[in-house]
Amino acid sequence: MPCVLVVDDDPFIRKLVATTLEDIAGFDLVEAGDGEQALAEAERRAPTLVLLDIDMPRLDGIEVCRRLRATEATRTTIVMLTAAAGDDEERRAEEAGADLFLTKPFSPLDLLRLVHDELGDGAGDGEAI
Amino acid sequence: MATVPDSMRDEHAQLRAELEQRENQVSEKERQLERYAADLRETFKSERARTRELQVSYVATVRALTNAVEARDAYTGKHAERVTAYALEIARALDSSLAADQGVEFGFLLHDVGKVAVPDSILHKPEPLSAPEREVMERHAVIGCEILEGIAFLEPARAVVRWHHERWDGSGYPDGLAGERIPLSARVFAPADALDAITTLRPYRQASSLVEARERIAASAGTQFDPAAVEALLSIDDATLERIRREHE
């Protein structure tokens with residue numbers, strides 16, 4: 001089953017994403033609270049999709065993205081969580097190898113649609129939106 | 001005037017900056033939650049619309065099936081709709097939750113759906129049926145129940161369809177169930193069906209008056225019908241029954 005890795009230093013955001021993708025849509029979800037942990041989990045679980053917050057202390061999302069792209073064997077979809085659309089942040093993320101963007105505050109319906117588009121129907125016990 | 005020491009000023013500035021950062025974090029969380037709330041509202045709204053749509057298509061489906069059955073029998077006209085209205089009145093008079101169960105109402109409407117499998121020569125025969133013919137005719141209860149198998153929203157309807165010809169004394173068909181082993185929905189339906197049959201013109205006999213119908217049904221309480229269902233029917237006033245008859249002529 002496809003696995004989603006959510007990386008955010010804010011446990012509040014991780015909780016919302018878990019509720020949306022795991023409880024509602026039935027995806028297999030792995031959480032990481034910082035960049036180091038994210039890289040370790042990515043290696044261990046080989047997620048199909050990584051939801052990556054850009055603004056994190058120490059190792060930020062851009063750097064994590066760059067390292068993921070440098071090391072991954074299979075192609076993972078990387079979705080960057082950004083603070084504002086269309087600014088310099090997005091350009092840098094794109095250069096680092098991000099595929100898609102989701103602007104905070106993000107819509108859970110958009111998140112579900114995006115993940116469904118990339119991964120299909122999840123566990124199937126969730127409601128298709 | 002005492003001057004504020006530099007160290008304290010620095011500390012103030014630091015605290016202010018920290019407070020501002022905290023406030024930003026809180027308002028970010030707030031905006032994120034508002035986003036979730038807005039989507040939740042949207043989802044509920046579209047879910048409600050979808051449920052309504054589904055409801056409409058359920059009713060349309062049942063109506064189409066009912067019409068298909070009735071189209072074959074010019075004499076009975078809107079029999080299914082009248083019987084359904086009578087049966088709902090009886091259910092209400094019994095103060096039963098049945099009247100609120102739309103699945104049961106669908107069962108009242110579809111009670112004869114199995115007649116699609118009965119040949120015209122038997123269905124339309126004006127003379128009494130021979131024993132083998134009657135056997136074919138009586139199969140409509142089981143066939144109807146089978147037709148509705150696997151349709152979740154029609155599950156409560158199946159009991160009416162299968163057992164609407166059972167009799168309180170156990171001499172009915174197809175299973176010879178007696179008394180309260182016959183589901184209430186079917187027990188409520190039986191006198192309603194009789195009422196309509198007696199008060200409607202058929203090729204082989206005249207329509208009888210409401211008074212006569214009441215008498216005949218009352219006489220069969222405890223043999224053909226559940227006495228409680230008969231009592232409930234008898235408690236409904238003439239005006240209500242007349243109105244139903246006129247509305248679905």
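Which residue in β3(A) is the bridge partner of A:L5? Select A:L5 and look across to β3(A): the partner is A:V50.

Before going on, a word on what you have open. This is a predicted model, where local features need pLDDT of at least 70, side-chain atom pairs count only at pLDDT 80 or more, and totals for chains, interfaces and linings use all residues. Residues are numbered from 1 along each chain as its sequence is written, chains are lettered from A and ligands numbered from 1 in the order in which they are written, and side-chain values use heavy atoms, with hydrogens and water left out.

**Stop 1: β3 of chain A.** Select residues 49–53 of chain A, which make up strand β3 (strands are DSSP runs of E, at least two residues, and helices are runs of H or I, at least four, numbered from the N terminus). Here 5 of the 5 residues are buried, buried meaning under 20% relative accessible area with a 1.4 Å probe, protein chains only. A:L49, A:L51 and A:D53 point one way, while A:V50 and A:L52 point the other. In a regular strand the side chains alternate between the two faces of the sheet.

**Stop 2: the neighbours.** Look for A:L49 opposite A:T77, and A:D53 opposite A:L81. In β4(A), 6 of the 6 residues are buried. Carry on to β5, residues 100–103 of chain A, held parallel to β4(A) by 4 bridges; there A:T82 partners A:T103.

**Stop 3: where the chains meet.** Show 10 residues from chain B and 14 from chain A to see the contact (heavy atoms within 4.5 Å). Together the chains bury about 1,000 Å², 64% of it on carbon and sulfur atoms; that is accessible area (1.4 Å probe) lost on being put together, summed over both. Now pick B:K29 and A:D10: they form a salt bridge, with the closest N and O atoms 3.2 Å apart (a side-chain nitrogen of Lys or Arg within 4 Å of a carboxyl oxygen of Asp or Glu). The count between the two chains is 1 salt bridge.

**Stop 4: chain B's helix.** Finish on B:Q14, in helix α1, residues 6–70 of chain B. B:Q14 counts as exposed because its relative accessibility is 54%, and exposed means over 50%.

Definitions and conventions
Buried area = accessible area lost by both parts, 1.4 Å probe. Pairing = 2+ DSSP bridges.
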